[in-house]
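Here is a short tour of a multi-chain model, taken one topic at a time. Please keep the structure open beside the text as you read.

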Amino acid sequence: MSTIAQKKGFGATLWDFLTTVDHKKIAILYLIAGGFFFVVGGLEAVFIRIQLAIPNNDFVSAGAFNEIITMHGTTMIFLAAMPLLFAFMNAVMPLQIGARDVAFPFINALGFWLFFFGGVFLNLSWFLGGAPDAGWTSYASLAIHSKGHGVDFYVLGLQISGIGTLIGGINFLVTIINMRAPGMTYMRMPLFTWSTFVASAMILFAFPPLTVGLTLMMFDRLFGANFFEVAMGGNTIIWEHLFWIFGHPEVYILILPAFGIFSEIFSLFSRKRLFGYSSMVFATVLIGFLGFMVWAHHMFTAGLGPVANAIFAVATMAIGVPTGIKIFNWLFTMWGGSVKFTTPMYYAFGFIPSFVMGGVTGVMVATAAADYQYHDTYFVVAHFHYVIVGGVVLAILAATHLWWPKMFGTMLNETLGKITFWFFFIGFHLTFFIQHFLGLWGMPRRVFTYLPGQGFDAANAVSSVGAAFMSIGVLIMLYNIIMTSVKNVKVGNDPWGDGRSLEWAIPSPPPFYNFKQLPLVRGLDAYWLEKMAGKKGMTPAEPLGDIHMPNSSFIPFMISLGLFIAAFGAMYHRDHSWGMAVLILGLLVTFGSMFLRSVKDDHGFHIHKEDLVDESDKGVKA
Amino acid sequence: MKRLAKWRLISLFAILALVLSGCSGERFVSALRPAGEVADMQYDLMKLSTFVMVGVIVVVMIIFIIIFFRFRRKDESIPKQVEGSHKLEIIWTVIPILLLLILAVPTVATTFHLADVSPMEKKNSKVLTINVRSHLYWWDFEYPGQKLVTSQELVVPTNEKVYFNLKSMDIKHSFWIPAVGGKLDTNTDNINKFWLEFDDKRANEAGNLFYGKCAELCGPSHALMDFKVKAISRDKFDAWVTAMQGIKEPQKAQGDLAVQGQELFNQSCIGCHAVTSENKMPETARTAPNLTNFGDRSRVAGILDHNKEKLKEWISNPETYKPGNLMTGKYPKMSDQQLDALAEYLMGLKVQE
Amino acid sequence: MHAEEKMTYEKWPAAPEKATLEAKNKFLGFWLFLGGETVLFASLFATYLALKDKVPDTSQHLAKDLFELPLTFVATMLLLTSSLTSVYAMYHMKNFAFKKMMLWLGLTVLLGAGFLGLEVYEFNHYVHVYKHTFTSSAFGSAFYTLVGFHGAHVAFGLSWILSLMIRNSKRGLNLYNAPKFYVASLYWHFIDVVWVFIFTVVYLMGMVG
């Protein structure tokens with residue numbers, strides 16, 4: 001990234017990023033913003049573990065603790081994990097299918113800015129009277145009666161960033177369906193692209209229920225509606241259903257891309273084709289499908305009755321089957337291979353036992369009758385951290401090391417990467433393994449403290465020590481990023497030497513049009529096949545010609561800014577007379593910008609053939 | 001890279017040691033020390049699923065370790081590009097399905113068994129039914145058949161099924177006695193029903209006092225919304241019921257200090273706190289814990305040691321001990337002398353010796 | 001084929017809404033968007049069904065007291081007809097008959113505006129005659145949210161089609177704006193389909209009780 005900064009002034013670079021519609025730059029924006037929120041959410045986690053390190057601690061107050069856990073969960077899911085995965089989807093998926101950009105570059109930028117402004121809005125709550133404190137699930141009876149504007153920040157911020165995610169999902173779907181290079185059939189797509197595809201489809205169908213839930217809660221809290229007001233005929237269980245109809249698919253929206261990332265890594269560093277590719281694809285699709293059928297297992301103790309509980313228990317167990325298929329396919333990808341233990345491979349290797357642990361406890365919590373004991377205890381906290389940290393976060397860290405050279409043209413330091421891994425991995429197990437037992441010993445989750453004499457003390461202390469290890473790991477990684485960016489040693493197309501998919505066939509970072517000529521794909525692992533056939537690069541599928549590219553635009557920023565302004569108006573319209581005016585002003589900015597976009601013709605521009613010939617040399621070096 | 005393997009082995013042994021050393025928590029609060037039929041069934045399911053899952057983990061780990069040692073990159077040769085193996089893939093599809101069936105059958109059976117509350121719904125049912133009403137940070141227990149109300153400390157007979165109607169009066173909570181059975185939410189919208197059974201022998205071993213918890217985030221003092229369960233034999237339970245039913249009028253305080261305390265109580269506290277067990281007020285009017293047998297209880301406010309000092313501290317500043325509680329500010333500030341009197345009176349509210 | 005190229009009847013392709021890659025993307029993306037919208041409305045329908053007739057006290061009116069068939073029937077007819085007129089408009093768009101397309105789109109907008117007018121009258125009626133408001137009960141909240149969301153979609157669709165008509169009134173059809181017209185009409189059909197469900201679930205089932 002520093003090369004651009006050296007060539008242009010800071011102002012020009014900033015303007016470039018504010019208006020960019022290039023998927024690679026948007027990926028960098030997602031990476032920076034997601035990384036920032038990851039650190040914020042991590043700090044919140046550290047505060048949680050400090051508070052719980054000893055019984056009856058008063059490091060933070062009870063109210064503040066609830067704000068911290070709410071923001072930790074919300075930030076990590078919506079503002080860290082999703083955007084970081086979006087960063088890699090944006091950076092890599094179009095390259096993997098041999099496309100010059102995504103289907104809707106403008107929408108892509110809009111998606112980012114909506115997420116960004118939603119996230120900023122949510123986090124401004126810390127400075128404007130207090131953060132949301134009803135948990136990331138924001139159950140209605142608690143959320144409706146929560147004082148102050150905390151929950152309003154949650155409701156409005158997530159609506160804004162949720163729209164961004166939704167349109168991002170549509171964009172990826174259309175990109176994958178319409179913009180694959182010649183020869184890139186569905187069953188030749190790399191697994192990461194497949195998982196992006198399935199996750200995007202899940203986003204499309206899972207986010208609207210969340211939007212509806214958030215809207216209803218917004219109406220209740222800010223506009224006098226009575227959806228969740230029992231005395232007025234309302235019903236709080238509606239929220240639980242809407243939230244989990246979104247919430248459970250969300251888990252798979254996060255984990256499937258993680259599976260995709262690890263599939264790439266296992267195959268790449270074993271120098272072997274992915275074992276059982278078609279069953280991997282099938283399992284991915286099946287998990288995506290089943291993901292919508294199991295939401296009520298989050299509500300086993302809500303009193304839905306034995307019939308519903310039994311059905312959802314069995315449906316949930318069924319997900320164990322495709323997940324098991326994946327685990328064994330990964331193992332057998334390495335079996336008989338030539339496994340090189342690079343940093344990404346460390347993460348992938350560490351992922352197997354960690355995620356298996358999270359998976360088996362998943363089956364345990366699916367047994368409805370026993371879940372009455374696990375539900376809302378530290379056992380569940382341990383379970384989902386094994387899935388999210390042991391699966392998603394390890395994948396994000398692995399992907400960061402794997403694709404960093406592709407995104408920035410320079411490698412992260414391997415030694416530091418491995419040190420990061422060890423700190424993070426040991427810290428992770430130290431923190432969360434013991435929490436299974438804490439839950440079984442009777443410790444509910446989301447408690448700001450616990451009384452001594454219940455047998456919880458030692459285990460909590462151990463858990464807090466683990467959090468320190470993880471923090472050290474993250475700090476080393478940040479140091480690694482800064483250090484290697486300063487050195488900025490340039491690398492070639494295929495820095496790992498074993499690249500299989502198309503992204504490794506083009507320069508690092510790729511030129512802004514990605515492929516001078518669209519590549520011809522002859523099978524799975526397209527680039528690997530060409531290499532094995534003794535060729536240096538891909539065979540072009542078209543003669544050198546003009547390339548059509550989209551124009552940059554500031555409008556996505558403005559549309560998102562309008563909603564950001566409107567959200568303040570909506571929140572304060574009952575307290576201040578200016579609220580309604582601000583709400584209308586914000587909506588005017590948004591709809592005005594949309595109108596401008598609609599009526600102003602934007603045909604993009606063409607890079608001419610002659611310029612491409614000149615640029616080809618620069619592209620490789622830069 | 002021997003470190004990885006070594007660490008794995010060590011951790012494996014550590015886990016095993018942890019399990020074997022009987023690290024199963026405290027008797028009165030741990031789900032791993034079941035003390036009743038429901039907790040037993042749930043514990044059996046836990047064990048079954050753990051065994052199955054440990055089996056899966058062992059298989060994965062064996063393959064995992066072999067890969068680690070056998071398939072590390074030694075030279076630059078290109079391994080054979082295998083597409084897959086139908087035989088293997090069928091094996092690891094079918095075996096998990098079978099394992100899940102082994103789990104699913106008892107899961108479904110137990111789920112239905114635990115939800116069977118038909119005895120309480122029969123007309124003229126003789127079973128003991130208790131209406132649990134959760135409030136912001138305290139619990140109200142009504143015995144409709146016995147026509148009495150108590151709070152914070154649930155009293156139940158052992159060796160018989162006790163049926164519960166659960167509802168919340170403000171914000172959703174969840175009713176959980178870990179050692180005796182899983183939880184069920186107290187919703188704001190509807191009544192949830194389930195049953196529990198308290199085993200006499202194991203209740204004795206646990207000191208006849210189980211810890212109960214709120215398991216659903218309900219506000220700042222969610223962590224402090226504990227209650228206690230006194231599980232006693234049927235005879236003792238009947239004696240307790242009779243004693244409670246005997247308190248038709250507020251008990252007369254004994255001693256000067258206590259009499260002073262009662263006067264104070266009648267001025268400042270009785271608006272919310274009842275001191276008779278009779279169940280005349282509708283549940284919505286019972287806005288604070290019933291204190292009829294306060295002197296018999298084991299905790300102040302569900303969390304503090306049961307002595308006068310703690311009680312005085314609690315009354316003088318409840319916000320410090322339970323942030324966000326609804327008692328703070330509802331009564332005038334008390335002098336030290338007044339607190340002494342109140343504590344003397346309240347601690348004297350006993351129904352049994 | 002460049003999108004901004006000047007078009008003639010002879011050069012006009014059979015499926016102008018999908019002639020360029022951009023158009024193809026827009027076409028597919030919009031269908032997917034409608035898939036998401038379907039789930040959105042499904043959630044609102046489920047909420048409405050759960051809260052139907054849920055009022056705090058007996059003095060409040062229920063669905064069977066509120067709804068009147070003649071009014072909603074006329075509204076339904078207006079919207080169904082507008083869907084038909086937009087089909088004609090797209091037929092002419094495919095035949096490169098710009099003037100006719102504009103005519104039929106204009107009719108569509110008029111019918112839609114008529115529908116919207118009736119809805120405003122209807123809401124006003126409930127509020128003032130029956131005191132059935134957004135804040136009076138959970139039933140009121142759910143009713144106005146579901147039907148109002150649909151109404152907002154109608155209003156948005158109207159302004160969308162109208163601004164497309166004004167923007168392109170002077171320059172006729174080309175491969176850049178043809179997909180825009182097509183997608184707007186797709187949106188209009190979707191709104192119509194949602195209304196059919198509202199008519200059935202809210203009004204017909206409401207009157208049965």
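## Chain A: burial and overall form

In this predicted model, 66% of the 622 residues of chain A count as buried. The secondary structure of chain A consists of 20 helices and two strands. Its radius of gyration is 24 Å, close to the 25 Å that the globule rule gives for 622 residues, so chain A is as compact as a globular protein of that length.

## Where chain C meets chain A

Let's turn to the contact between two chains. Here 31 residues of chain C are in contact with 33 residues of chain A. Which elements of chain C give two or more residues to the side that touches chain A? They are α1 (21–51) and α5 (138–168) of chain C, and α1(C) provides the largest share, 15 residues.

Sorted by class, the side of chain C that touches chain A has 16 nonpolar, eleven polar and four charged residues.

## An annotated span in chain B

Chain B brings in a database record. An unreviewed UniProt entry carries the annotation "domain: Cytochrome oxidase subunit II transmembrane region profile", which covers residues 23–118 of chain B.

In the model, that span of chain B, residues 23–118, is 67% helix and 0% strand. Its end C-alpha atoms lie 37 Å apart.

Terms used:
Residues are numbered from 1 along each chain as its sequence is written. Chains are lettered from A and ligands numbered from 1 in the order in which they are written. This is a predicted model: local features need pLDDT of at least 70, side-chain atom pairs count only at pLDDT 80 or more; totals for chains, interfaces and linings use all residues. Two residues are in contact if their C-beta atoms, placed from the backbone, lie within 7 Å. Helices (H or I, at least four residues) and strands (E, at least two) are DSSP runs, numbered from the N terminus. Ala, Val, Leu, Ile, Met, Phe, Trp, Tyr, Cys and Pro count as nonpolar, Asp, Glu, Lys and Arg as charged, and the others, Gly among them, as polar. UniProt positions are given in the numbering used here, feature names are shortened, and annotations may be inferred rather than shown by experiment. The radius of gyration is taken over C-alpha atoms; the globule rule is 2.2 Å times the number of residues to the power 0.38. A residue is buried if 20 or more other C-beta atoms lie within 10 Å of its own, exposed if 12 or fewer, and partly exposed in between; C-beta atoms are placed from the backbone.
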